[in-house]
Amino acid sequence: MKRFLFPILFGIATTVAFGEGNAKLLTGPMIGYSTMAETMIWVQTDAPGEVIVEYWNTEDPETIFQTDPISTEKKTAFVAKCIVDQVTAGTTYGYRVRIDGKLNVPLFREGYQETGAIPLTFATPKNWRFRETGHQPFNFSVALGSCAYINEEGGYDRLNGKPYGGDYQIFESIYEKKPELFVWLGDNIYLREPDWTSKTGIYHRWTHTRSTPEMRAMLATMPNYSTWDDHDYGPNNSGWDFWNKEATTDAFNLFSGNASAGLPELPGIFTFFNWGDVNFYLLDNRTYRTYDGMSDNDPDHARSLLGKKQIDWLINTLKYRAGQTRNLSSSSYPSTFNVICIGNQVFSPYSSDSYTNYTEEFEYLMDRIVAEKIGGVVFVSGDVHFGEVSQRAFNNPNGDPHPILDITTSPLTSGSWSGSDAKDNPYRVDIFPGEADRVAQRNFVTLSFEGSLKKRTMIIRYFDSNGVLLNQDPNGQPGEVTEGSRISIQSLAAPK
């Protein structure tokens, strides 16, 4: 088949549609999970319609494949999850979306520096194990962010003061950094009082947020993974007792790009994925959470954030896949860094949602990480509407320190906060130039993984809404981070 070229139309429309048919592209497309053998492309139509995705290797554009057709329905918010299964590892593909046979072309936001059709591409991860000399991994970067509040008039927004959401161009700044993938760290939407009481309201909030014009390019060109926090789940600080959690869980899974959610014997939205030499764990801090005002002194009713069974799943998966407990050059599944994504902060004692407030369970998790000698552990968290880096060391029985990192990035578009009440966090690591030791504005983070397997380095970069590097080395070249922003795998090694 020949690759067709279409004229570009301009305007405020989200898409240009060619051909005949009633249904059109409402939101998306969004790249979901991407593996060496398949990729998911998420599409939402504005009415019942049949969706297919056509795709091709960019080095062979004349050979075009297509996904199985999916008919969208109102009961599932007119969402189609199209599985691209004629792919190979380490390859870049172009794609296009057809609804009822007609082509729907998503456009950049009107007024953005780029115009016309968004170049629709996705890439599968490279197969490097046993195929590169010395198991040398490829370099890549991942962007992460939390707390995306999108304003909506008509009784949905706060009435006093200025709008709570803003600086939506942050999503275009993420697109411009060209990370290989993006991870949503929670509060990806903000369910409001009219929303969380019904499936109609919940679907409305997801659809409204996903319709943000500034998101289009980011969603359409890189894999999107996600975990949640309270505002994706229900009312503020809600936990296991939220009466409508089945509906919000179903909606999260419907609008998520993740490949799985929980286990058959353990409900929830937690999951795992791998990219190169880095393993990512997306935790569920809502399904098993007790109210944070409950007593932590009753041994029969201990306060819970993740629940023991989820922690045991995490530790078992970490142990099996954590290459630092083995010979990295010979392990079948070596990992250098283990990035654990969670909606709330882990180490700061000043956040009301901090994991340290769940004393017994927090100590159980840290004790297990230390006992199993799992190295390279990096928590990445959101929630608090400011950004900071914290590090703690937990001693093993011999008194040797086991270091673990917690990187907090928040918010994307919600109202920011200076974190003034948390200024004395004893575990904070200052990676920023000047007097500031945290980010008191809207921000996102990229983590870049570079170097050989045994000398792997993670580079932390904080950016503001316009893509300006916030931890720029004042004495370095443009784009060069401060020394504390470079984390060697040796610095997070488990003691022998």
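Colleague: Which element supplies the largest share of the lining of the largest cavity?
Modeller: In this predicted model, two elements, helix 2 (199-210) and strand 13 (224-226), each supply at least two residues of that lining. Of the lining of the largest cavity, the largest share amounts to 3 residues, and these come from helix 2.

Colleague: How many residues line the largest cavity, and which lie nearest its centre?
Modeller: By class, the lining of the largest cavity is made up of 7 nonpolar, 6 polar and 1 charged residues. The lining has 14 residues, and those nearest the centre of the largest cavity are Trp184, Asn188, Trp206, Arg210 and Phe255.

Colleague: What volume does the largest cavity have?
Modeller: With a cut-off of 30 Å³ or more, the count comes to 2 cavities. The largest cavity has a volume of about 130 Å³.

Colleague: How much space lies in the second largest cavity?
Modeller: The lining of the second largest cavity consists of 13 residues, with Leu26, Thr27, Gly28, Arg210 and Arg216 lying nearest its centre. The space in the second largest cavity comes to about 90 Å³.

Colleague: Which element gives the most to the lining of the second largest cavity?
Modeller: By class, that lining holds 5 nonpolar, 6 polar and 2 charged residues. Strand 2 (25-34) and helix 3 (216-221) each supply at least two residues of the lining of the second largest cavity. The most, 4 residues, is given to this lining by strand 2.

Conventions
Residues numbered from 1 in each chain as written. Predicted model: local features only at pLDDT ≥ 70, side-chain atom pairs only at ≥ 80, totals over all residues. Heavy atoms only, no water. 1 Å grid on protein atoms, 1.4 Å probe; cavity = no way out; pocket = protein on both sides within 12 Å on 5 of 7 lines; lining within 4 Å. Points joined across faces, edges and corners; volume = space filled by probe spheres on them. Nonpolar A, V, L, I, M, F, W, Y, C, P; charged D, E, K, R; others polar.
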